[in-house]
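Subject: Structure handover

Hello,

Here is the structure I said I would pass on.

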Amino acid sequence: FEARRFDACSWLIAARQGSWYRCRPIPVQGGGAPRKATGLAAALENPRARGRRSEIQAHLEALCASCNHPDWCVVDSHLSLLGGLPTAAFDLLHVVANTPTAAALVALRSAKSTTTDLIRVLEGFEELLFLWEAVPFQVWLRALELLHASFPTDLSEFADQEVIARGQRLGEQLPVVLAALHHWTRGRGLPDPEAPADLPVQMTFSADNDAPLLSLRDDLVVSLIQHHRDRTSWPAPPPGLDAGDVSLARDHHAPHQRAVIDAPAVVARAAAGEITPSADLTLFLEVCRNLDESYFRNCFLMTSYALIARHHGAR
């Protein structure tokens with residue numbers, strides 16, 4: 001690598017043989033003439049890492065206000081690299097993951113294309129300390145509104161259809177998005193969107209439906225304990241894990257099991273906007289989800305829908 005042959009900005013060097021990357025990507029600084037980039041592209045070329053992320057964050061605020069901002073093409077170019085290069089190689093995607101509205105918009109924009117591309121983006125972000133399930137319900141609502149506002153006002157009916165289509169496509173991968181979509185359509189006087197046939201709970205979202213939903217979880221806890229009865233070690237939780245009044249753990253559960261049992265409820269509290277998980281807690285919750293994805297998914301949905309009903313009710 002001859003630095004003087006490359007523009008004076010940050011470059012990522014990747015050694016690839018065919019479709020395989022043979023070593024960890026290496027960031028280097030070009031020594032040639034500076035580029036004449038503007039906007040988000042200029043922020044990405046800041047040679048100082050700390051300043052670069054601060055500049056990216058400032059530009060993301062503008063992107064979070066409009067799906068039509070021209071700098072979205074810069075984000076899209078980074079998303080196209082997911083599945084090949086590791087997500088952690090890109091400062092921009094780190095900042096997006098730490099900006100919930102930007103992350104939600106990335107997911108909805110990605111839902112325009114094929115399911116394969118959508119899954120690639122969703123999985124790419126989870127290479128970071130990031131849980132899609134922990135994105136708050138209100139953030140998804142805001143993202144749906146922003147997506148709708150990106151279409152011309154004289155195409156309102158088309159915009160309704162497009163938002164619903166993308167919300168449903170994304171909801172097949174992240175069912176909590178269906179809760180926001182359901183709430184959004186009712187607010188606009190539109191028919192309720194269809195839910196996937198395998199969804200374990202009904203999206204009724206009335207203020208009095210949280211008790212029945214929460215009561216359905218006890219059998220899932222029994223199944224979890226039975227399924228892992230021979231397990232000799234369980235993930236150790238970080239300080240601050242609190243499932244609040246939607247805890248699934250009971251006094252008869254072993255102390256080392258309780259945090260894993262309660263993990264879906266903790267994420268549901270984040271989805272309802274009650275808490276913001278720390279990095280250590282997010283890592284633990286990811287480990288718990290990977291331990292038993294079926295238990296985690298079903299308990300999370302029941303608890304998050306109950307909390308959404310409690311906080312937001314039916315429209």
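What follows is a short account of the chain as a whole, its nonpolar core and one histidine.

Please keep in mind that this is a predicted model.

Overall. The protein chain contains 14 helices and 4 strands. It has 315 residues, and 47% of them count as buried. Among contacts in the protein chain with a separation of 6 or more, 69% are between residues 24 or more positions apart.

Core. The largest nonpolar core is made up of 92 residues. Within this core, the residues with the most contacts are Leu92, Phe125, Trp132, Trp140 and Leu170. Helix 12 (residues 255–271) contributes the largest share of the core, namely 10 residues. As for Leu170, residues up to four places away in sequence are not counted here; beyond those, Leu170 touches Ala107, Leu108, Ala111, Leu118, Leu122, Trp140 and Val177.

Histidine 148. This residue is part of helix 7 (residues 137–149). Histidine 148 counts as buried because its relative accessibility is 11%, and the cut-off for buried is under 20%. The side chain of histidine 148 makes two polar contacts to look at: one with the side chain of aspartate 160 at 2.7 Å, and one with the side chain of arginine 188 at 3.3 Å. With neighbours within four places in sequence left aside, histidine 148 is in contact with Ser156, Ala159, Asp160, Val163, Trp184 and Arg188.

Regards

Key
Residues numbered from 1 in each chain as written. Predicted model: local features only at pLDDT ≥ 70, side-chain atom pairs only at ≥ 80, totals over all residues. Heavy atoms only, no water. Helix = DSSP H or I, 4+ residues; strand = E, 2+ residues; numbered from the N terminus. Buried < 20%, exposed > 50% of the residue type's maximum accessible area, 1.4 Å probe, protein only. Contact = heavy atoms within 4.5 Å. Core = buried A, V, L, I, M, F, W, Y, C linked by side-chain atoms within 4.5 Å. Polar contact = N/O pair within 3.5 Å; in protein donor to acceptor, adjacent residues only side chain to side chain.
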